[in-house]
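Dear colleague,

Please find below the sequence and structure that I am handing over to you. My findings follow directly after them.

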Amino acid sequence: MPKPRLIVFSDLDGTLLDHHNYHWSAARPALERLAAAKIPVVLNSSKTAGEIRALRDELDNNAPYIVENGAAVVIPANCFGPGPEQVETFGASRDDVLALLAQLRDEGFQFRSFSDMSAAELARNAGLSESAAELAKDRAGTEPLLWEGDDASLEAFRQKLAAQNCRLVQGGRFLHAMGTFDKADGVRFLLRKYEAQYPAEKIIAIALGDSPNDQHMLEEADIAVIVKGAQSDSVSLPSQSRAIRSIKEGPAGWNECVLNLLIEYGY
Ligand SMILES: [Mg+2]
């Protein structure tokens, strides 16, 4: 029996990156083994393309990547056959989201979003360096904002967004106004691409995540790895896939589970 072709999809914060210091070095042994076996590691995060690109360079990763909670998939040049870099977006575009936010502001709702802030102001609000704030401001589909109104108007704002096929998702510091997509849309899209590229091979998708916003991505994979962390107990075991919980936290748990799976599948 030939080995199945493995594809890894991974969340970043709290999963491949340590929740406190953002280091990934504890996952180095597994990452090196994946690279040696030419198994793609698709990064799938709430971060922007610019932020993920910086990390991909550091990791020497050349796989496609999924940005802003599934707002878009970036396919590098010559990835699935010859051609330039391709960006595939899902749901409302950022221009649509910004137009809707402008209209709601005219109706009297009070908030301040990334597009209202200079890089310096965002750096202060988010605890980022100014260059990191520039990368965070360069967005494809979602708009983070700070709410400046009361709770009742926030509920009305939420309903107005929903009526336009958009939603508001709570992140760590900001509320994210976005279309109706999630991290699983990018996974489905890329799995179809890999299946088309390797029609005669068995593909096994492994997804790793640590929090409830990874739930749908985990359910989309053949093997779900729930990496231990502050929110991992709130992730339910996906019903249709094989599921594993790591013993160690963050990148150390990532390393532990991926190495075990690579051994199991003969890599
Ligand atoms: Mg996470």
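This is a predicted model: local features need pLDDT of at least 70, side-chain atom pairs count only at pLDDT 80 or more; totals for chains, interfaces and linings use all residues.

Leaving aside residues up to four places away in sequence, L6 touches I39, I204, I206 and Y265. L6 and L261 are 255 residues apart along the chain, and their C-alpha atoms are separated by 9.7 Å.

**The chain as a whole**

The secondary structure comprises 9 helices and 12 strands. Of the 267 residues in the chain, 38% are buried. Among contacts with a separation of 6 or more, 58% are between residues 24 or more positions apart. The radius of gyration is 19 Å, which agrees with the value near 18 Å that a compact globule of 267 residues would have. The C-alpha trace spans about 65 × 40 × 35 Å along its principal axes.

**Helices 4 and 5**

Helix 4 (residues 119-126) packs with helix 5 (residues 130-137) at an angle of about 100°, and their axes are 8 Å apart. Helix 4 is therefore roughly perpendicular to helix 5. On the side of helix 4, the contact is formed by A119, A120, L122, A123 and A126; helix 5 contributes E130, A133, E134, A136 and K137. Sorted by class, this contact has 7 nonpolar and 3 charged residues, and no polar ones.

With kind regards

Conventions:
Residues are numbered from 1 along each chain as its sequence is written. Helices (H or I, at least four residues) and strands (E, at least two) are DSSP runs, numbered from the N terminus. The radius of gyration is taken over C-alpha atoms; the globule rule is 2.2 Å times the number of residues to the power 0.38. A residue is buried if 20 or more other C-beta atoms lie within 10 Å of its own, exposed if 12 or fewer, and partly exposed in between; C-beta atoms are placed from the backbone. Two residues are in contact if their C-beta atoms, placed from the backbone, lie within 7 Å. Axes are lines fitted to C-alpha atoms, for helices over the stretch in contact, and angles run from 0 to 180 degrees between N-to-C directions. Angles under 35 degrees count as roughly parallel, over 145 as roughly antiparallel, 65 to 115 as roughly perpendicular and the rest as oblique. Ala, Val, Leu, Ile, Met, Phe, Trp, Tyr, Cys and Pro count as nonpolar, Asp, Glu, Lys and Arg as charged, and the others, Gly among them, as polar.
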